[in-house]
Amino acid sequence: MKALLLSLTLLFSLIAVVPAHAAAAVQTAATEIAAEEAPQLTKREIRKKKRQERRAKRKAIRAAIKDWRKADISENALLLIIITILLPPLGMLLFEGALTTRVLISLLLTVLFYLPGLIYTLIVILG
């Protein structure tokens, strides 16, 4: 389990942890209404409304991040992808379950040059 957590931490440190759509500013109708009502409110009420809006934005961003992390990739598939990035033929062997022509093609492409073997294996696994 520690190895899985370490590998996930490494993977998320290599890619952006917060996706761009989650980091975008979330503007609600309440924000626009509060901006129009601002001159009529006291300073304390204005601060209170701003605080509530910030909390709502944070909740929306957290929800977007949770949805992003709950993508259709299961833990096993994620671990298989990590193994494939490190050793493409091993990832293909684990995916196929036996020594097949796909495993041999992946091994040959990886021996010739790493990148074609990686691309071929990822296409087969994710396709």
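Thr-84 counts as buried, because its relative accessibility is 0%. Buried here is under 20% relative accessible area, exposed is over 50%, and partly exposed is in between, computed with a 1.4 Å probe on protein chains only. I start with that residue and work outwards.

Some ground rules. This is a predicted model, in which local features need pLDDT of at least 70 and side-chain atom pairs count only at pLDDT 80 or more, while totals for chains, interfaces and linings use all residues. Residues are numbered from 1 along each chain as its sequence is written, and side-chain values use heavy atoms, with hydrogens and water left out.

Now the overall layout. The protein chain has 8 helices and 0 strands. Helices (H or I, at least four residues) and strands (E, at least two) are DSSP runs, numbered from the N terminus. Of the 127 residues in the protein chain, 21% count as buried. A contact means heavy atoms within 4.5 Å. Among contacts in the protein chain with a separation of 6 or more, 52% come from residues 24 or more positions apart.

Back to Thr-84, which is found in helix H5. What does Thr-84 touch, not counting residues up to four places away in sequence? The list is Gly-91, Tyr-114, Leu-118, Thr-121, Leu-122 and Ile-125. The side chain of Thr-84 also reaches the backbone oxygen of Leu-80, at 2.7 Å. That is a polar contact, meaning a pair of N or O atoms within 3.5 Å; within protein, one must be able to donate a hydrogen and the other to accept it, and residues adjacent in sequence count only if both atoms are side-chain atoms.

Helix H5 covers residues 75–86, and its 12 residues should span 16 Å at 1.5 Å a residue; the end C-alpha atoms are 17 Å apart, which agrees. The expected span is 1.5 Å times one less than the number of residues. The buried residues of H5 are Leu-78, Leu-80, Ile-81, Ile-82 and Thr-84. As background, an α-helix has 3.6 residues a turn, so residues three or four places apart point the same way.

Take Ile-81, also placed in helix H5. Ile-81 is buried, with a relative accessible area of 15%. Leaving out residues up to four places away in sequence, Ile-81 touches Leu-122 and Leu-126. Ile-81 and Ile-125 are 44 residues apart in sequence, and their C-alpha atoms are 8.1 Å apart in space.

Leu-87 sits in the loop between H5 and H6. Is Leu-87 buried or partly exposed? At 48% relative accessibility, Leu-87 counts as partly exposed. Its C-alpha atom is 9.8 Å from that of Thr-121, which is 34 residues away along the chain.

Next, helix pairs. Two packed helices are described by the angle between their axes and the distance between the axes. Axes are lines fitted to C-alpha atoms, for helices over the stretch in contact, and angles run from 0 to 180 degrees between N-to-C directions.

The axes of helix H6 (residues 88–96) and H7 come within 8 Å and cross at roughly 175 degrees. That makes H6 roughly antiparallel to H7. The cut-offs are under 35 degrees for roughly parallel, over 145 for roughly antiparallel, 65 to 115 for roughly perpendicular, and oblique for the rest.

The second pair is H7 with H8. The axes of helix H7 (residues 101–112) and helix H8 (residues 114–126) come within 6 Å and cross at roughly 150 degrees. H7 is therefore roughly antiparallel to H8. H7 contributes Arg-102, Ile-105, Ser-106, Leu-109 and Thr-110 to the contact, and residues from H8 include Tyr-114, Gly-117 and Tyr-120. The residues of this contact divide into 6 nonpolar, 4 polar and 1 charged. Ala, Val, Leu, Ile, Met, Phe, Trp, Tyr, Cys and Pro count as nonpolar, Asp, Glu, Lys and Arg as charged, and the others, Gly among them, as polar.

Last, Thr-110, which lies in helix H7. Thr-110 counts as buried, because its relative accessibility is 19%. A polar atom of its side chain lies 2.7 Å from the backbone oxygen of Ser-106. Not counting residues up to four places away in sequence, Thr-110 touches Pro-88, Pro-89 and Gly-117.
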